[in-house]
Amino acid sequence: GFIILTVFLTQPMSNAAAALVVLPIAILTANSLGVSPKPFAVAVMLSASVSLITPFEPSCILVWGPGKYKFKDFFQAGFFLTIILMSVLLLMIPYFWPL
């Protein structure tokens, strides 16, 4: 849930801001569940970098104008990449950082 929330928040706002909004909630949730907060923190930090659906990320803005891309182009390519990356995060985080 925190991965989806963070990815959703990174689309219209900066990655750092989205991570700073979700990270305290994720750590409090892990502590209240009695599990290690490290996998929750790693999930939030890595999912904050999955900002591929919208062109509002600084690196995307740099190529948006000169490349004559449309918003639709970012959505078409970024949506499936986002789904793939979220799946990889869901599979790999518990493997490397168990609860």
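On a 1 Å grid over the protein atoms alone, a pocket is an open set of points where a 1.4 Å probe fits, with protein on both sides within 12 Å along at least five of seven lines, and its lining residues have an atom within 4 Å of a point. Keep that definition for the fourth stop.

**Before selecting anything**

This is a predicted model, in which local features need pLDDT of at least 70, side-chain atom pairs count only at pLDDT 80 or more, and totals for chains, interfaces and linings use all residues. Residues are numbered from 1 along each chain as its sequence is written, and side-chain values use heavy atoms, with hydrogens and water left out.

**Stop 1: the whole chain**

Show the chain as a cartoon. Its secondary structure comes to five helices and zero strands, in the order α-α-α-α-α from the N terminus on. Helices (H or I, at least four residues) and strands (E, at least two) are DSSP runs, numbered from the N terminus. Along the principal axes, the C-alpha atoms fill a box of roughly 50 × 25 × 15 Å.

Colour by pLDDT, the predictor's confidence in each residue, from 0 to 100. The chain averages 89, and 100% of the residues score at least 70. Where pLDDT is low, the predicted coordinates should not be read in detail.

Next, colour by relative accessible area, with buried meaning under 20%, exposed over 50% and partly exposed in between (1.4 Å probe, protein chains only). Of the 99 residues, 34% count as buried. For contacts (heavy atoms within 4.5 Å), residues 24 or more positions apart account for 62% of those with a separation of 6 or more.

**Stop 2: helix H3**

Select residues 38-47, which are helix H3. Seven of its ten residues are buried, so H3 is largely enclosed by the rest of the structure. The buried ones are Pro39, Phe40, Ala41, Val42, Ala43, Val44 and Ser47. They pack against H1, H2 and H5.

**Stop 3: the cores and helix H2**

Select Phe2, Leu9, Ala18, Ala19, Val22, Ala26, Ala30, Phe40, Val44 and Ala48, the ten residues of the largest nonpolar core. Such a core is a set of buried Ala, Val, Leu, Ile, Met, Phe, Trp, Tyr and Cys residues joined through side-chain atoms within 4.5 Å. H1, helix H2 (15-33) and H3 each give two or more residues to this core, and H2 gives the most, with five. A second, separate core has eight residues, including Val50, Met86, Leu89 and Ile93.

Ala19, leaving aside neighbours within four places in sequence, is in contact with Pro24, Val44 and Ala48. Leu20, also in helix H2, counts as exposed at 64% relative accessibility. The C-alpha atoms of Leu20 and Val44 are separated by 9.1 Å, with the two residues 24 apart along the chain. Beyond neighbours within four places in sequence, Leu23 is in contact with Ala41 and Val44. Its C-alpha atom is separated by 7.9 Å from that of Met45, 22 residues apart along the chain.

**Stop 4: the largest pocket**

Select Gly1, Phe2, Ile3, Pro39, Phe40, Ala43, Leu89, Leu90, Ile93, Pro94, Trp97 and Leu99, which line the largest pocket. Helix H1 (2-10), helix H3 (38-47) and helix H5 (71-96) each give two or more residues to this lining. H5 gives the most, with four.

The pocket has a volume of about 230 Å³, where a volume is the space filled by probe spheres set on grid points that are joined across faces, edges and corners. Colour the lining by type, counting Ala, Val, Leu, Ile, Met, Phe, Trp, Tyr, Cys and Pro as nonpolar, Asp, Glu, Lys and Arg as charged, and the others, Gly among them, as polar. The lining divides into eleven nonpolar, one polar and no charged residues.

**Stop 5**

Select Trp64 in helix H4. Trp64 counts as partly exposed at 28% relative accessibility. Not counting residues up to four places away in sequence, Trp64 touches Pro55, Tyr69, Lys70, Phe71 and Phe74.

Finish at Lys68, in the loop between H4 and H5. Lys68 counts as exposed at 70% relative accessibility. Phi of Lys68 is near 55°, a positive value in a residue other than glycine.
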